[in-house]
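Reader: Can you walk me through some helix packing? Keep it quick.

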Amino acid sequence: MKNLLKADFFRLSKDKSALVGLIISVALSIVSVVLMYVVFYLILEIPPGALDGSEGILGIPVLTGEYFMKSVFQSSNNAGIVLAIVIGMIATKDFSFNTIRQKTIHGHSRTNIYLSQFITIVVYAAVVMIINAVISLALGSIFFGYSASGFEASDLLYIVYSFGMGLLMYTVIISLVLMISFLVKSTGITIVIVIGLSFLLSMVYSILVITGGSNDIVQFFLNLLPDQHFAWYLSNHWMASKELIYSLAMSTLYIVLFTTLGITMFNRTDIK
């Protein structure tokens with residue numbers, strides 16, 4: 001396993017798509033903050049401070065450094081969707097270049113091959129996401145302010161919490177994309193499926209939110225979706241205890257489920 005990890009990290013360091021993914025995601029994060037500033041302050045001429053949520057103006061979104069930092073971890077956001085596509089590209093390259101076959105010939109078990117790829121990609125995603133989150137936090141705070149209450153020393157712990165929860169929720173996406181990559185073994189098909197699933201899940205979530213209301217059955221299925229967990233995470237400074245525990249439990253369950261399914265299917269698949 002140790003040798004597998006070393007080899008996977010070495011290949012990742014030489015993979016141009018990993019670097020391109022980082023550059024594109026950072027560029028999109030920067031553009032997102034700047035564009036919001038131009039639209040709301042320069043074009044719409046919203047009064048300074050009106051976007052931090054302190055005035056509660058109807059129809060005006062809350063845009064702060066805190067918001068931009070946390071939104072980076074959303075799977076359908078700029079950095080999120082770019083990273084998901086890059087992860088699919090990285091994962092399927094081992095099949096394209098017969099690297100998987102070479103690993104099995106050298107005696108590595110398929111389970112270890114899969115887990116090594118998973119760990120490598122999670123570390124890569126964590127680095128990319130944290131870089132994007134720090135940049136978004138800094139720029140968002142410069143243009144819009146950190147939050148309505150300003151930055152305090154205790155917010156350092158809150159930032160650590162935000163990074164941790166955001167990465168856990170995004171790891172659900174990583175485990176899903178990796179499972180798909182090992183199932184279809186094709187970069188193009190994986191990218192199409194990832195983009196399609198992203199839009200489909202967002203659409204399903206939006207429909208359930210609109211039709212949910214007080215319907216307990218709809219609300220139950222709504223609460224199962226990762227998008228709902230992220231909505232709790234994004235809309236609250238600190239998540240309520242019940243929502244935090246539920247999100248932690250469901251995110252962990254999804255990661256274990258997708259990883260187990262991925263390993264099981266990979267162990268039963270012929271490698272050509």
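**Helix packing**

Author: The crossing of helix 4 and helix 6 is right-handed. Keep in mind that this is a predicted model.

Reader: Which residues of helix 4 and helix 6 make the contact?

Author: Helix 4 brings Ala79, Gly80, Leu83, Val86, Ile87, Ile90, Ala91 and Asp94. Helix 6 brings Gln117, Ile121, Tyr124, Ala125, Val128, Met129 and Asn132.

Reader: How do the residues of that contact divide into nonpolar, polar and charged?

Author: Eleven are nonpolar, three polar and one charged.

Reader: At what angle do the axes of helix 4 and helix 6 cross?

Author: Roughly 155°, and the axes come within 11 Å. Angles over 145 degrees count as roughly antiparallel, so helix 4 is roughly antiparallel to helix 6.

Reader: New topic. Helix 7 and helix 11: parallel or antiparallel?

Author: Their axes cross at roughly 25° and come within 9 Å. That makes helix 7 roughly parallel to helix 11. The crossing is left-handed.

Reader: What residues make that contact?

Author: Among them are Tyr161, Met165 and Leu168 of helix 7, with Leu244, Ser247 and Leu248 of helix 11. The contact's residues divide into 17 nonpolar, six polar and no charged.

Reader: How many residues has helix 11?

Author: 27, covering residues 241-267. Helix 11 reaches 39 Å from first C-alpha to last, close to the 39 Å expected.

Reader: Which residues of helix 11 are buried?

Author: Ser247, Met250, Ser251, Tyr254, Ile255, Phe258, Thr259, Gly262, Ile263 and Phe266.

Reader: And what covers the buried residues of helix 11?

Author: The cover includes helix 4, helix 5, helix 6, helix 7, helix 9 and helix 10.

Notes. Residues are numbered from 1 along each chain as its sequence is written. This is a predicted model: local features need pLDDT of at least 70, side-chain atom pairs count only at pLDDT 80 or more; totals for chains, interfaces and linings use all residues. Side-chain values use heavy atoms; hydrogens and water are left out. Helices (H or I, at least four residues) and strands (E, at least two) are DSSP runs, numbered from the N terminus. The expected span of a helix is 1.5 Å times one less than its number of residues. Buried means under 20% relative accessible area, exposed over 50%, partly exposed in between (1.4 Å probe, protein chains only). Contact means heavy atoms within 4.5 Å. Axes are lines fitted to C-alpha atoms, for helices over the stretch in contact, and angles run from 0 to 180 degrees between N-to-C directions. Angles under 35 degrees count as roughly parallel, over 145 as roughly antiparallel, 65 to 115 as roughly perpendicular and the rest as oblique. A crossing is left-handed if the near helix is turned anticlockwise from the far one by less than a right angle, and right-handed if clockwise. Ala, Val, Leu, Ile, Met, Phe, Trp, Tyr, Cys and Pro count as nonpolar, Asp, Glu, Lys and Arg as charged, and the others, Gly among them, as polar.
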